[in-house]
Amino acid sequence: MSAKNFPVIRRKLLGWYKKNKRDLPWRRTRDPYAIWIAETMLQQTQVKTVLPYYERFLNTFPSVESLARARLERVLRLWSGLGYYRRAENLKTAARQVVRDHGGKLPREYSQLRTLAGIGDYTAGAILSIAFGKNYPAIDGNVRRVLGRLYAIADDPALRDVAIELVRRTQPREFNQALMELGATVCTPRAPNCAACPLKSECLSRSAARPTNHSDGVRAKYFTEVTWPLAIVRCGGKILLHRRAAAALLARLWELPGVEMTRRDGEASALRRQLRDLRVNFAKPRRIGDIRHSITHRRIRAPVYLFDCTALIAAPGPRWRWVPRRRVAHYPVSSMTKKALAVLAAHETRSA
Ligand code: SF4
């Protein structure tokens, strides 16, 4: 790598960004709170998915104080469908920390930001550079890929050195977002559009027929294939939901009963066993569809079974609830449950 090309890269990238940046709501504000919310939502989630969530979240919780005061259930409900729910819990916890320890204002120091729940190196760098205009790098997956290809480097310390050096003498707010934008729209993981790239003359990977993800090899995701049958227990216009324990994956969300399996057979029997303690009489379960879903490192195939029960009984415990169908939207439910209920709606339309 030649340190001499840093000024060229800064200039070209900033020029490109000025002409090509997408108009996104979090780019129209310098409010550190709004930028923090956006950066948290954007982790592992695409821009088009985040857009409506961002608007709704800020309309409902327009300040750190309002988020700190909110009930966690309400925060999770707004997050419902965005995935990685620990992010929402951390936002709520960190908002309380900001109110308690920093007078309701996000701290401007890296070390203080890092003490807040859920704020790691990337988010701290993004807040410091984008909201406060400080010369910190913000290295997310996009930036890692762009710099990895540009300089043909794979290891994190070397990438970090480059990112620090590049952002040291430039407009950090614009520069960090420009790197992220290039990674999201041009230097994409599978099909980088090198012909349209402002850095093609400087890029050490461009001549390769297919630029390698230099930085991705060490971080390649390992997925486990999982079968997770779901039970829609339906009775008199209500369905049965179960609330996950606080310490579990997808903590505190409401969901359909289900069971994670490593085998692909015996799904209905596994669900029947799970529902045995409910002491509900069911008609023979019917398989009404299949959904696909991914959570962290699991790729899930979820067959959906409909259990019609003959008489409504009391909810079997404090973490269970019979919920009228029209009220489900008021609960923070998992994305998998939402998808399964869409399967039910389609099944009802077909059967009507
Ligand atoms: S030239 Fe191609 S590989 Fe290099 S940074 Fe640009 S898009 Fe990425």
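Where does Tyr-84 lie in the chain? In this model, Tyr-84 is found in the loop between helix H5 (72–79) and helix H6 (86–102), where helices (H or I, at least four residues) and strands (E, at least two) are DSSP runs, numbered from the N terminus. The structure described here is a predicted model, in which local features need pLDDT of at least 70 and side-chain atom pairs count only at pLDDT 80 or more, whereas totals for chains, interfaces and linings use all residues. Residues are numbered from 1 along each chain as its sequence is written.

The secondary structure of the chain consists of 13 helices and seven strands, and its C-alpha atoms fill a box of roughly 75 × 50 × 35 Å along the principal axes. Of the 352 residues in the chain, 34% are buried; a residue is buried if 20 or more other C-beta atoms, placed from the backbone, lie within 10 Å of its own, exposed if 12 or fewer, and partly exposed in between. Among contacts with a separation of 6 or more, 68% join residues 24 or more positions apart, a contact being counted if the C-beta atoms of two residues, placed from the backbone, lie within 7 Å.

The domain assignment, which is automatic or taken from a database, gives domain 1 (3–219) and domain 2 (224–351). The centres of the two domains, taken over C-alpha atoms, are separated by 36 Å, and the contact takes ten residues from domain 1 and nine residues from domain 2. On the side of domain 1 that touches domain 2, H5 gives the most, with five residues. By class, that side has four nonpolar, three polar and three charged residues, where Ala, Val, Leu, Ile, Met, Phe, Trp, Tyr, Cys and Pro count as nonpolar, Asp, Glu, Lys and Arg as charged, and the others, Gly among them, as polar.

Two helix pairs that share H2 were examined. Helix H2 (residues 32–42) packs with helix H8 (residues 121–131) at an angle of about 140°, and their axes are 10 Å apart; axes are lines fitted to C-alpha atoms, for helices over the stretch in contact, and angles run from 0 to 180 degrees between N-to-C directions. The contact is made by Pro-32, Ile-35, Trp-36, Glu-39 and Thr-40 of H2, together with Thr-123, Ala-126, Ile-127, Ile-130 and Ala-131 of H8. By class, this contact has seven nonpolar, two polar and one charged residues. H2 and H3 pack at an angle of about 145°, with their axes 10 Å apart. Here Ala-34, Ile-37, Ala-38, Met-41 and Leu-42 in H2 meet Val-47, Val-50, Tyr-53, Tyr-54, Phe-57 and Leu-58 in H3, a contact with eleven nonpolar, no polar and no charged residues.

Gln-44, in the loop between H2 and helix H3 (47–60), has a positive phi of about 60° although it is not a glycine, and Gln-44 counts as exposed because it has 12 C-beta neighbours inside 10 Å. Tyr-84, also a residue other than glycine, has a positive phi near 45°, and with 16 other C-beta atoms within 10 Å Tyr-84 is partly exposed. Ala-178, by contrast, lies in helix H11 (residues 172–185) and is buried, since 25 other C-beta atoms lie within 10 Å. Leaving aside neighbours within four places in sequence, Ala-178 is in contact with Leu-13, Leu-14 and Tyr-17.
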